[in-house]
Amino acid sequence: MQQLLISAITASLLIVVTLCAITDIREHRIPNIVLLPALLLAFVFNGMLSGLPGLLDCFLGLALGMAMLFPIYFLGGTSAGDVKLLGVVGALLGTEGALIAGVATYLFGGGLGVLFIIWRLIEPVLAAHIAQIVRPNGPTSSPLIRTMARPNARKSEFPYAPAIAFGTYYSLWHLGYFSPVMG
């Protein structure tokens with residue numbers, strides 16, 4: 001039963017953080033409709049896994065995960081959805097997992113942030129070259145080419161959920177959660 005619950009926690013986390021990362025990249029939002037059921041599952045799984053101590057660790061993981069991103073949210077560097085997502089990760093993984101995922105999220109966020117800045121610097125040059133090569137409104141150009149050829153076609157907001165996803169993947173690996181899943 002314990003292996004089944006650990007596998008359920010692992011699968012839930014993989015689905016939630018991956019879905020939220022994709023949604024954040026595409027829509028710049030993290031849907032509560034994904035987070036709330038995951039939070040409820042966190043309490044169910046951890047309660048079944050360890051009883052009252054599991055529920056307490058779930059609650060403390062939730063609080064720690066949210067607390068790790070709250071200062072950045074307060075300063076306007078991230079959204080409330082990111083804070084809630086790392087809280088859900090903490091609830092599913094407990095305090096140790098929340099701490100590992102939170103620190104790894106900061107590291108991945110820094111790396112992805114640098115890549116994002118580099119992309120924002122080269123994107124206008126790349127778009128200008130594409131616009132010279134392909135007529136943006138021509139019948140043969142793809143939607144991607146037409147989007148890239150338009151200046152300021154996309155928002156310049158940095159989606160932070162992918163960093164949380166990578167931090168969560170690392171935390172799952174570090175804590176050995178993939179072992180039960182992979183056999």
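## Stop 1: a surface patch

Select Val114, Leu115, Ile117, Ile118, Leu121 and Ile122. Together they form a nonpolar patch on the surface, with about 590 Å² of accessible area. Patches take residues with over 30% relative accessible area and no salt bridge; like charges are joined within 9 Å, and nonpolar side chains (Val, Leu, Ile, Met, Phe, Trp, Tyr) within 5 Å. Accessible areas come from the Shrake-Rupley method with a 1.4 Å probe, and for residues only the protein chains shown count as cover.

This is a predicted model: local features need pLDDT of at least 70, side-chain atom pairs count only at pLDDT 80 or more, and totals for chains, interfaces and linings use all residues. Residues are numbered from 1 along each chain as its sequence is written, and side-chain values use heavy atoms, leaving out hydrogens and water.

Now pick Ile117. It lies in helix H3 (residues 80-133). Ile117 is exposed, at 52% relative accessible area. Buried means under 20%, exposed over 50%, and partly exposed in between (1.4 Å probe, protein chains only).

## Stop 2: the whole chain

Zoom out. The protein chain has 6 helices and 0 strands. Helices (H or I, at least four residues) and strands (E, at least two) are DSSP runs, numbered from the N terminus. Of the 183 residues, 40% are buried.

## Stop 3: the core

Select Leu85 and Val89. They have the most contacts inside the largest nonpolar core, which has 36 residues. Helices H1 (2-27), H2 (32-74), H3 and H5 (161-174) each give two or more residues to this core. H2 brings the largest share, 10 residues. Such a core is a set of buried Ala, Val, Leu, Ile, Met, Phe, Trp, Tyr and Cys residues joined through side-chain atoms within 4.5 Å.

What does Val89 touch? Leaving out residues up to four places away in sequence, Val89 touches Leu13, Val17, Ala101, Ile164 and Thr168. Contact means heavy atoms within 4.5 Å.

## Stop 4: the loop between H1 and H2

Go to Ile30, in the loop between H1 and H2. Is Ile30 buried or exposed? Ile30 is buried, at 9% relative accessible area. Beyond its neighbours within four places in sequence, Ile30 contacts residues including Cys20, Leu35, Leu85 and Ala161.

Finish with Arg29 and Glu27. Their side chains meet in a salt bridge (3.8 Å, N to O). The rule asks for a side-chain nitrogen of Lys or Arg within 4 Å of a carboxyl oxygen of Asp or Glu. Arg29 is partly exposed at 43%, and Glu27 is partly exposed at 48%.
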